[in-house]
Amino acid sequence: PSFITHGAYPSTTRSADPSPSCLLNIFIYIQCCVTDKKCPRSFPASDFLTVEQDALLGEALAAPNSDTRHIWRRCYSLAVDGASSSTFHSLCDNKGPTLVVGATAGRIFGGYAAVSWTSRDSYRYSRDSWLFRIRDGANVLERTDQVIYPQHAQYSYSSYGPTFGGGNDLRIDSSMRTGYTNSHSYGRSA
């Protein structure tokens, strides 16, 4: 199983069943400013992350031993911007690092893209990208700590939503409503 789906998650979020539990809510954030750590939220526009989940992600994105916090603004929301990978690309390509946050049936998961998305049919190299999940009800963030194949860290293609890994470790489909996971390019050291 992939890192994201191992344990409490189902083996895939793709399903022929169109019920709401199989659909995703997708939000993509870009870094917009830096402030001190007294700022209460890293993702002020989030309408589904709890304060605790916001803090977990903010800490994961913070530079070690830093007294600053990055504030992120939403560049894409399925609910606001519509269900289209082309809209995602028009709003988020070439904007620098992004955080992709997905939610389905109460599960929070996603990935940090250390390099910009593009609409070109190409892989993006990065050793700094990672995937994460927040365990149901536990407010514990787990993340990958290695990109096994950094030459395949991200896949940019106009007909796909955000895609991490050469084996599509995390892929959001063109509708931005479904996706799937697979274990290939990301992992956790023992």
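Me: Where is Ser 77?
Reply: Ser 77 sits in strand β2. Strands here are DSSP runs of E, at least two residues long, and helices are runs of H or I, at least four, both numbered from the N terminus. Keep in mind that this is a predicted model: local features need pLDDT of at least 70, side-chain atom pairs count only at pLDDT 80 or more, and totals for chains, interfaces and linings use all residues. Residues are numbered from 1 along each chain as its sequence is written, and side-chain values use heavy atoms, with hydrogens and water left out.

Me: Is Ser 77 buried or exposed?
Reply: Ser 77 is buried, because its relative accessible area is 1%. Buried means under 20%, exposed over 50%, and partly exposed in between, with a 1.4 Å probe and protein chains only.

Me: And what does Ser 77 touch?
Reply: Ile 26, Phe 27 and Gly 82, leaving out residues up to four places away in sequence. Contact means heavy atoms within 4.5 Å.

Me: New topic. How many disulfides are there?
Reply: A search of the whole structure finds 1. It joins Cys 75 to Cys 92, with 2.2 Å from S to S. The rule is two cysteine sulfur atoms within 2.5 Å.

Me: Which parts of the chain does the pair link?
Reply: Distant ones: Cys 75 is in strand β2 and Cys 92 is in helix α3, 17 residues apart.

Me: Why is the disulfide called right-handed?
Reply: Because the torsion about the S-S bond of Cys 75 and Cys 92 is about 110 degrees.

Me: Are the two ends buried or exposed?
Reply: Cys 75 counts as buried because its relative accessibility is 9%. Cys 92 counts as buried too, at 0%.

Me: What about Asp 93, where is that?
Reply: In the loop between α3 and β3 (98–104). Asp 93 is buried, with a relative accessible area of 10%. Its contacts are Phe 88, Trp 117, Thr 118 and Ser 119, not counting residues up to four places away in sequence. Asp 93 and Trp 117 are 24 residues apart along the chain, but their C-alpha atoms are separated by 4.7 Å.

Me: Which residues touch the most others in the largest nonpolar core?
Reply: Ile 28, Tyr 76, Phe 88, Phe 164 and Met 176, out of 20 members. At least two core residues each come from β1 (25–36), β2 (68–77), α3 (85–92), β4 (107–113) and β11 (170–172). β1 gives the most, with 3 residues. Another core lies apart from this one, with 17 residues, including Tyr 29 and Trp 72. A nonpolar core is a set of buried Ala, Val, Leu, Ile, Met, Phe, Trp, Tyr and Cys residues joined through side-chain atoms within 4.5 Å.

Me: How much of β4 is covered?
Reply: 7 of the 7 residues in β4 are buried. Arg 107, Phe 109, Gly 111 and Ala 113 point one way, while Ile 108, Gly 110 and Tyr 112 point the other.

Me: Which way do β3 and β4 run, parallel or antiparallel?
Reply: Antiparallel, joined by 7 bridges. Strands pair if DSSP finds at least two bridges between them. In this pairing, Thr 98 stands opposite Ala 113 of β4. The hairpin of β3 and β4 has 2 residues between the strands, and Ala 105 takes a positive phi near 50 degrees there. β4 also runs antiparallel to strand β6 (residues 130–134), through 5 bridges. Phe 109 has Arg 133 as its bridge partner in β6.

Me: What is the order of the open sheet of 5 strands?
Reply: β5-β9-β10-β11-β12, with antiparallel pairing. The edge strands, β5 (122–124) and β12 (179–181), each pair on one side only.

Me: Last one: how many aromatic pairs?
Reply: The count is 11. Rings of Phe, Tyr and Trp (its six-membered ring) pair with centres within 6.5 Å; planes under 30 degrees apart are stacked, over 60 edge-to-face, the rest tilted. Trp 130 and Phe 132 make an edge-to-face pair, 6.1 Å centre to centre with 65 degrees between the planes. Both Trp 130 and Phe 132 are buried. The charged end of Arg 143 sits over the ring of Trp 130, 4.2 Å from its centre. That needs NZ of Lys or CZ of Arg within 6 Å of the ring centre and within 35 degrees of the ring normal.
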